[in-house]
Structures are given as C-alpha cells and as structure tokens.
Amino acid sequence: MNERIWKLAEQAGAETWSRAPMRAVTGLAFTDENLEKFAELIIQECTQVLFDESEKLFGLYSEETNFHWAAEYEVQSNQCIDNIGLIEKHFGVEE
C-alpha cells in the first residue's frame, strides 16, 4: 500500500501491527466501525481527486479561446462531476 492509504487507515483509527524485524508495520487491524470510516475516507479521497480534476478542466475551459477545445474541456469537467455522483451512488454515500 502506498503512504496515503496508510495515513487514511490511521485517520480511521486502525491499529497497526508488526511481525517484521525493526518494527516495520506489516498489517492493519480494523473494528467494524473504523473499517467503515476507512472506506468512507477512501471514497472521499477518490471523489476529491475527480473534483480537483474538474476544477482544473473548468479553468482550462474558461481560458481557452478555441471553441472546439473549450467545449472539450467543459464536457470533460462535467464528466468528472457526473462520475463523482456515480461513485457516491454506487457506494450509497449520502450527502
């Protein structure tokens, strides 16, 4: 797992454990409650990435003078927002 996943697990309250020398973290232990929180944090992180991409694309749309490219950026920006909704609906995230 990458460092961001470990940080989200820690933020959710997971306990780390180690069986490796030098006390390297080798696993995570979750309760039902903090496992749910961990899943919520991952979903939030994914939707935030899409939101940030949408904002970037909307900025490009706003600055673009070529109509064709401006329209493409706008469509892509809107698709990012649509995908956020799809992810939230798929996982039953309530607003």
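I began with Cys80, which counts as buried at 8% relative accessibility. Here buried means under 20% relative accessible area, exposed means over 50%, and partly exposed lies in between, with a 1.4 Å probe and protein chains only. Cys46 has 40% relative accessibility and so counts as partly exposed. I then looked for disulfides, a disulfide being a pair of cysteine sulfur atoms within 2.5 Å. The count is zero.

**Ground rules**

I note that this is a predicted model, in which local features need pLDDT of at least 70 and side-chain atom pairs count only at pLDDT 80 or more, while totals for chains, interfaces and linings use all residues. Residues are numbered from 1 along each chain as its sequence is written, and side-chain values use heavy atoms, with hydrogens and water left out.

**Confidence**

I looked up pLDDT, the predictor's confidence in each residue, from 0 to 100. The chain averages 88, and 87% of the residues score at least 70. Where is confidence lowest and where highest in the chain? Strand E1 (residues 15-17) is lowest, with a mean of 75, and H3 is highest, at 95.

**Overall layout**

I counted three helices and two strands in the chain. Helices (H or I, at least four residues) and strands (E, at least two) are DSSP runs, numbered from the N terminus. Along the sequence the pattern reads α-β-β-α-α. Of the 95 residues in the chain, 19% are buried. I also looked up contacts, meaning heavy atoms within 4.5 Å. Among contacts with a separation of 6 or more, 39% come from residues 24 or more positions apart. The accessible surface of the chain is about 7,400 Å², and 54% of that surface belongs to carbon and sulfur atoms. Accessible areas come from the Shrake-Rupley method with a 1.4 Å probe; for residues, only the protein chains shown count as cover.

**Helix H1, from Leu8**

I picked Leu8, which lies in helix H1. Leu8 counts as buried at 3% relative accessibility. Which residues is Leu8 in contact with, leaving aside its neighbours within four places in sequence? They are Phe38, Leu41, Ile42 and Glu45.

**Helix H2**

The 32 residues of H2 should span 46 Å, and the end C-alpha atoms are 47 Å apart, which agrees. The buried residues of H2 are Asn34, Phe38, Leu41, Ile43, Thr47, Leu50, Ser54 and Leu57. Their cover includes helix H1 (3-12) and H3.

I took Ser54 as one case in helix H2. Its relative accessible area is 4%, so Ser54 is buried. Apart from neighbours within four places in sequence, Ser54 is in contact with Ser77, Cys80 and Ile81. Cys80 is the buried cysteine of my opening entry.

**Helix H3**

H3 has 24 residues and reaches 34 Å from its first C-alpha to its last, close to the expected 34 Å. Buried in H3 are Ala70, Tyr73, Ser77, Cys80 and Ile84. H2 is included in what covers them.

With a relative accessible area of 9%, Ala70 is buried. Ala70 touches Tyr61 and Glu64, not counting residues up to four places away in sequence. The C-alpha atoms of Ala70 and Phe58 are separated by 8.9 Å, the two residues being 12 apart along the chain.

**Aromatic pairs**

I last looked up ring pairs. Rings of Phe, Tyr and Trp (its six-membered ring) pair if their centres lie within 6.5 Å; planes under 30 degrees apart count as stacked, over 60 as edge-to-face and the rest as tilted. By this rule there are three aromatic pairs. Why is the pair of Phe58 and Tyr61 called tilted? The ring centres of Phe58 and Tyr61 are 5.3 Å apart and the planes are at 45 degrees, so the pair is tilted. Both residues lie in helix H2 (residues 32-63), three residues apart, about one turn of the helix. Phe58 is partly exposed at 42%, and Tyr61 is partly exposed at 26%.

The rings of Trp69 and Tyr73 have centres 6.4 Å apart and planes at 35 degrees, so this pair is tilted. Trp69 and Tyr73 are four residues apart in helix H3 (residues 67-90), which makes about one helical turn. Trp69 is partly exposed, with a relative accessible area of 45%, whereas Tyr73 is among the buried residues of H3.

Technical notes. Expected span 1.5 Å × (residues − 1).
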